[in-house]
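Thank you all for coming.

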Amino acid sequence: MPPFNPDKDIPDLSGKVAFITGGTSGIGREIILFLASHNPAHIYFTGRNEEAGATVVAAAKAKGPNVEVTFIKCDLCSSRAKIRQAIAESFKSDRLDIFIANAGIMATPPGLTEEGFELQWGTNYLSHAVILQLLRPVLLRTAESGADVRHVQVTSHGHNYAPSGGIQFENLRKPDAVGEFARYGQSKLAQILYCKAMVKRYPQITSVAVHPGVGRTGLLKNAKQSLIKSFFSATSFLHKDAAELAYSPLWAATAPLPKLENGQYYEPVGKKAGPSKLAGDEALAEKLWEWTNNELKDVEALL
Ligand SMILES: NC(=O)c1ccc[n+]([C@@H]2O[C@H](COP(=O)([O-])OP(=O)(O)OC[C@H]3O[C@@H](n4cnc5c(N)ncnc54)[C@H](OP(=O)(O)O)[C@@H]3O)[C@@H](O)[C@H]2O)c1
């Protein structure tokens with residue numbers, strides 16, 4: 001496959017609506033800028049940093065003057081009620097073609113979300129499941145209209161560092177039952193398994209998980225520095241800048257449909273990777289889906 005070239009390979013996105021989490025820096029910011037250059041109707045994105053959000057809105061408008069760009073201030077560690085409120089107040093579209101679950105943290109010190117979940121689990125996995133539950137009706141309606149609807153989870157090769165058993169359901173409310181990288185791996189594994197479970201229920205939505213590659217982005221800011229130093233110096237020969245790290249999710253969101261296999265995990269760019277044993281575990285994917293549905297049964301979708 002020739003190298004991915006976002007300028008040439010992203011098609012015209014006229015009329016399409018996209019929603020990206022974590023668009024204020026790093027990979028998310030670059031995804032927005034590339035998408036904006038290809039004329040979508042509207043890009044929604046989330047983050048906590050309002051100043052950075054405003055800068056990204058301006059940069060995206062410079063790339064695509066006719067594109068509507070909306071920043072949604074939303075802390076993914078806050079309660080599901082607050083996440084719902086933030087999105088309900090701003091998201092007013094009757095269609096959604098591209099959803100990219102990109103926001104994330106890595107190897108952060110122990111902590112809990114407002115609802116008492118381990119911080120990386122809550123931010124990287126569970127908040128995205130909440131948002132997808134909120135937006136599922138609009139995604140399904142868009143697919144029913146005949147549109148090609150994409151759901152992309154920005155996961156990581158780091159899913160291989162998940163703890164034994166993959167997801168320790170009994171420990172998800174403990175801040176540090178396993179180490180920093182194992183907690184990251186667990187949340188990233190869940191993103192891949194969630195796609196597999198989605199495909200079984202909603203095959204009309206193309207759900208894929210992608211590893212973006214490795215590079216020094218804002219992700220390192222809050223990570224445990226001793227771990228990061230050794231990990232990133234060992235992998236420095238692989239480093240890409242944030243723009244290039246965006247290629248993998250951009251490919252998944254916009255490549256012609258026949259190039260994608262629904263429910264797959266891809267490494268950069270567009271390379272179907274044999275899933276790790278845990279990432280290919282259908283029973284674990286089902287267990288995660290049931291756990292998630294039960295946990296989020298009070299989350300009322302946006303109609
Ligand atoms: N960089 C890499 O080498 C690498 C490798 C593999 C996978 N990834 C994955 O790529 C994704 C993007 O990471 P990145 O490298 O671009 O890192 P980044 O520059 O730190 O960007 C992370 C984004 O997530 C948002 N975010 C983090 N915590 C949040 C919270 N509690 N509430 C709302 N938004 C939150 C941040 O927004 P605010 O600060 O505005 O809240 C920011 O926009 C992550 O899922 C990461 O796991 C990255």
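This is a predicted model: local features need pLDDT of at least 70, side-chain atom pairs count only at pLDDT 80 or more; totals for chains, interfaces and linings use all residues.

Residues are numbered from 1 along each chain as its sequence is written, and side-chain values use heavy atoms, with hydrogens and water left out.

The protein chain has 10 helices and eight strands, where helices (H or I, at least four residues) and strands (E, at least two) are DSSP runs numbered from the N terminus. Along its principal axes, the C-alpha trace of the protein chain spans about 50 × 45 × 40 Å. With 303 residues, a compact globule would have a radius of gyration near 19 Å, and the 18 Å of the protein chain agrees with that; the radius is taken over C-alpha atoms, and the globule rule is 2.2 Å times the number of residues to the power 0.38.

Now to the ligand. Which residues come nearest to the ligand? Of the 31 residues around it, they are Thr24, Ile27, Arg48, Tyr184 and Thr217, and a residue is near if one of its heavy atoms lies within 4 Å of the molecule. The shell around the ligand divides into 11 nonpolar, 17 polar and three charged residues, with Ala, Val, Leu, Ile, Met, Phe, Trp, Tyr, Cys and Pro counted as nonpolar, Asp, Glu, Lys and Arg as charged, and the others, Gly among them, as polar.

As for polar contacts (pairs of N or O atoms within 3.5 Å), an oxygen atom of the ligand is 3.2 Å from a polar backbone atom of glycine 22, and an oxygen atom of the ligand is 2.9 Å from a polar backbone atom of glycine 215. At threonine 217, an N or O atom in the side chain is 2.5 Å from an oxygen atom of the ligand. The elements giving two or more residues to the shell around the ligand are α2 (26-36) and α6 (180-201).

Finally, the backbone. The peptide bond from proline 268 to valine 269 is cis, with omega near -25 degrees, and valine 269 lies in the loop between β7 (265-267) and β8 (271-272). Asparagine 39, in the loop between α2 and β2 (42-47), has a phi near 70 degrees, which is a positive value in a residue other than glycine.

Methods:
A polar contact is a pair of N or O atoms within 3.5 Å; within protein, one must be able to donate a hydrogen and the other to accept it, and residues adjacent in sequence count only if both atoms are side-chain atoms.
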